[in-house]
Amino acid sequence: MSYPLFITRNDIIKNSPLQGAIDADALLPFVRTAQDKYLKNLLGTVLFFYLQEKILDNTISALSVYYQDLMDDHIKQTLIWYACVEYIPFSSVQFKSNGAVKQQSEQGVAPSKSEVDYLLNKALNNADYYATRMQDYLIAYSNQIPQYYESVGNATQIFPDMSNQYFGGIQL
């Protein structure tokens, strides 16, 4: 069975600091991980699977303007930044048959761990910001997007996380 992704490689390249030289095959597993870890938790199982079904059926464009705005203005931005969060720690490492290999460039210098941690934190702050905006949108338009509050009533369901996740850090 095919697993539909809410964003494409081009969405990430055009809307994030990750540039076009990134191998799509290396990037897509991180998109799926981010989609499962973060987006399913934010949307809840019912809305998540509803939108995936529409993507598979290629009928996402037939949905109301509320779903279009949700996809284009909120889900894509949120997922792009969470995919960056998942990708950044692995960006300089490749896994080969003989183990993990760190990539090095002739023209560049590898960033230090603190620099990578800083970039990771910035990406996470961006992702959390867009996640909060998406949550606010879903709550405001819950009458037009009824799947957000729906429940299938079993233990495997994820109910939408409605807590505010954005934390911009502490300024001292």
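The following questions and answers concern the predicted model of this protein.

Reader: Among contacts between residues at least 6 apart in sequence, what percentage join residues at least 24 apart?

Author: The protein has 172 residues, of which 37% count as buried. Among contacts between residues at least 6 apart in sequence, the share that joins residues at least 24 apart is 72%.

Reader: Is Q35 buried, partly exposed or exposed?

Author: Q35 is found in helix α2, which covers residues 24–43. Residues up to four places away in sequence aside, Q35 touches Y3, P4, L5, F6, K40, F48, Q52 and L79. The relative accessible area of Q35 is 0%. Buried means under 20%, and Q35 is therefore buried.

Reader: How far apart in space are Q35 and A83, C-alpha to C-alpha?

Author: Along the sequence, Q35 and A83 are separated by 48 residues. In space, their C-alpha to C-alpha distance is 7.8 Å.

Reader: What length does helix α3 reach from its first C-alpha to its last?

Author: Helix α3 covers residues 45–56 and has 12 residues. At 1.5 Å a residue, the expected length is 16 Å. The length that α3 reaches in the model is close to that expectation, at 16 Å.

Reader: Which residues of α3 are buried?

Author: A residue counts as buried when its relative accessible area is under 20%. In α3, the residues that are buried are T45, V46, L47, F48, L51, Q52 and K54.

Reader: How many nonpolar residues are in the contact of α3 with α4?

Author: From α3, L47, Y50, L51 and I55 meet Y67, L70, M71 and I75 of α4. The residues of this contact include no polar and no charged ones, and the number of nonpolar residues is eight.

Reader: Are α4 and α5 roughly parallel or roughly antiparallel to each other?

Author: Helix α4 covers residues 65–87 and helix α5 covers residues 113–140. Their axes come within 7 Å and cross at roughly 160°. Angles over 145 degrees count as roughly antiparallel. The two helices α4 and α5 are therefore roughly antiparallel.

Reader: Is the crossing of α4 past α5 left-handed or right-handed?

Author: The axes of the two helices come within 7 Å. The crossing in which α4 passes α5 is left-handed.

Reader: How many residues of the contact of α4 with α5 are nonpolar?

Author: The contact is made by residues including L70, W81 and Y82 of α4 and L124, M134 and Y137 of α5. Four residues of the contact are polar and three are charged, while the number of nonpolar residues is 17.

Reader: Which residues does I139 touch, not counting residues up to four places away in sequence?

Author: I139 is found in helix α5 and is partly exposed, with a relative accessible area of 37%. I139 and Y149 are 10 residues apart in sequence and 9.1 Å apart in space, C-alpha to C-alpha. Not counting residues up to four places away in sequence, I139 touches Y148 and Y149.

Terms used
Residues are numbered from 1 along each chain as its sequence is written. This is a predicted model: local features need pLDDT of at least 70, side-chain atom pairs count only at pLDDT 80 or more; totals for chains, interfaces and linings use all residues. Side-chain values use heavy atoms; hydrogens and water are left out. Helices (H or I, at least four residues) and strands (E, at least two) are DSSP runs, numbered from the N terminus. The expected span of a helix is 1.5 Å times one less than its number of residues. Buried means under 20% relative accessible area, exposed over 50%, partly exposed in between (1.4 Å probe, protein chains only). Axes are lines fitted to C-alpha atoms, for helices over the stretch in contact, and angles run from 0 to 180 degrees between N-to-C directions. Angles under 35 degrees count as roughly parallel, over 145 as roughly antiparallel, 65 to 115 as roughly perpendicular and the rest as oblique. A crossing is left-handed if the near helix is turned anticlockwise from the far one by less than a right angle, and right-handed if clockwise. Contact means heavy atoms within 4.5 Å. Ala, Val, Leu, Ile, Met, Phe, Trp, Tyr, Cys and Pro count as nonpolar, Asp, Glu, Lys and Arg as charged, and the others, Gly among them, as polar.
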